[in-house]
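Subject: Structure handover

Hello,

Please take over the structure below. My notes on it follow.

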Amino acid sequence: MTTSGRWPFAVLAASAMLLAGCSDTVDPEKLPGVYRGSDGGRIELAADGTFSATRVKTQEGGDPVDFSGSWDYEDPGTSSDFVYLGVEDGGLGTTGGIQLYVDDEDTLYFQSDPDGPVTQELNRAS
């Protein structure tokens, strides 16, 4: 392999290390609580693994919806940590679940398109 052939690999490796170093460690046991959006959305993650969502926007341009079910923290290691919301009741139609991304223990957000903008951000209520 030539020096020029190693350059792209070195850049990718350095980027991965920087991204891994920037991510905050999330303690899933600290996630239960109430989170509110500036537009009236609300999610409550209960310590027993259930949740309720009121007036949340899960899709770009979508209407606010209410739903509930069970939640579980996921750390895939290769992408953003998220809370998987297993929907049992509500307005998501045929969707069985949805990802609620974890910025840190005080900030959660929906992002329907990984390359698009955040659909709704929710901050821990004080």
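**Salt bridges**

Glu-44 has a relative accessible area of 31% and is therefore partly exposed; buried means under 20% relative accessible area, exposed over 50%, and partly exposed in between, with a 1.4 Å probe and protein chains only. The model is a predicted one: local features need pLDDT of at least 70, side-chain atom pairs count only at pLDDT 80 or more, and totals for chains, interfaces and linings use all residues. Residues are numbered from 1 along each chain as its sequence is written, and side-chain values use heavy atoms, with hydrogens and water left out.

Glu-44 forms a salt bridge with Arg-42 through their side chains, at 3.4 Å from N to O. The term stands for a side-chain nitrogen of Lys or Arg within 4 Å of a carboxyl oxygen of Asp or Glu. Arg-42 is partly exposed too, at 22%. The structure holds two salt bridges. The other pair is Asp-106 with Arg-124, at 3.0 Å from N to O. That pair links distant parts of the chain, 18 residues apart: Asp-106 is in the loop between strand E6 (97-104) and strand E7 (107-110), and Arg-124 is in strand E8. Asp-106 has a relative accessible area of 42% and is partly exposed, as is Arg-124 at 26%.

**Overall make-up**

Helices (H or I, at least four residues) and strands (E, at least two) are DSSP runs, numbered from the N terminus. The chain has 126 residues, 32% of them buried. Of the contacts with a separation of 6 or more, 36% are between residues 24 or more positions apart; a contact means heavy atoms within 4.5 Å. The accessible surface is about 7900 Å², and carbon and sulfur atoms account for 50% of it. Accessible areas come from the Shrake-Rupley method with a 1.4 Å probe, and for residues only the protein chains shown count as cover.

**Nonpolar core**

The largest nonpolar core contains 22 residues. A core here is a set of buried Ala, Val, Leu, Ile, Met, Phe, Trp, Tyr and Cys residues joined through side-chain atoms within 4.5 Å. Leu-31, Ile-43, Leu-45, Phe-67, Leu-85 and Phe-110 have the most contacts inside the core. At least two core residues come from each of strand E2 (42-45), E3, strand E4 (65-74), strand E5 (82-90), E6 and E7. E4 gives the most, with four residues. Beyond four places in sequence, the contacts of Ile-43 include Tyr-35, Val-56, Leu-85, Leu-100, Phe-110 and Leu-122.

**Aromatic pairs**

There are three aromatic pairs in the whole structure. Rings of Phe, Tyr and Trp (its six-membered ring) pair if their centres lie within 6.5 Å; planes under 30 degrees apart count as stacked, over 60 as edge-to-face and the rest as tilted. Phe-82 and Tyr-101 are edge-to-face, because their ring planes stand at 65°, with the centres 6.3 Å apart. This pair links distant parts of the chain, Phe-82 being in strand E5 and Tyr-101 in strand E6, 19 residues apart. Tyr-101 and Tyr-109 are stacked, because their planes are at 25°, with the centres 5.6 Å apart. Phe-82, Tyr-101 and Tyr-109 form one aromatic cluster. Phe-82 is buried, Tyr-101 is buried at 16%, and Tyr-109 is buried at 15%.

**Two glutamines**

Gln-120 is in strand E8 (residues 120-124) and is buried at 3% relative accessibility. The Gln-120 side chain makes a polar contact with the side chain of Asp-39 at 2.8 Å and reaches the backbone nitrogen of Lys-57 at 2.8 Å. A polar contact is a pair of N or O atoms within 3.5 Å; within protein, one must be able to donate a hydrogen and the other to accept it, and residues adjacent in sequence count only if both atoms are side-chain atoms.

Gln-111 lies in the loop between E7 and E8 and is buried at 19%. A polar atom of the Gln-111 side chain is 2.6 Å from the backbone oxygen of Gly-116. Tyr-101 is one of the residues in contact with Gln-111 beyond four places in sequence.

**Thr-54**

Thr-54, in strand E3 (residues 50-56), is partly exposed at 33%. Beyond four places in sequence, Thr-54 is in contact with Gly-40, Gly-41, Arg-42, Val-65 and Asp-66.

Regards
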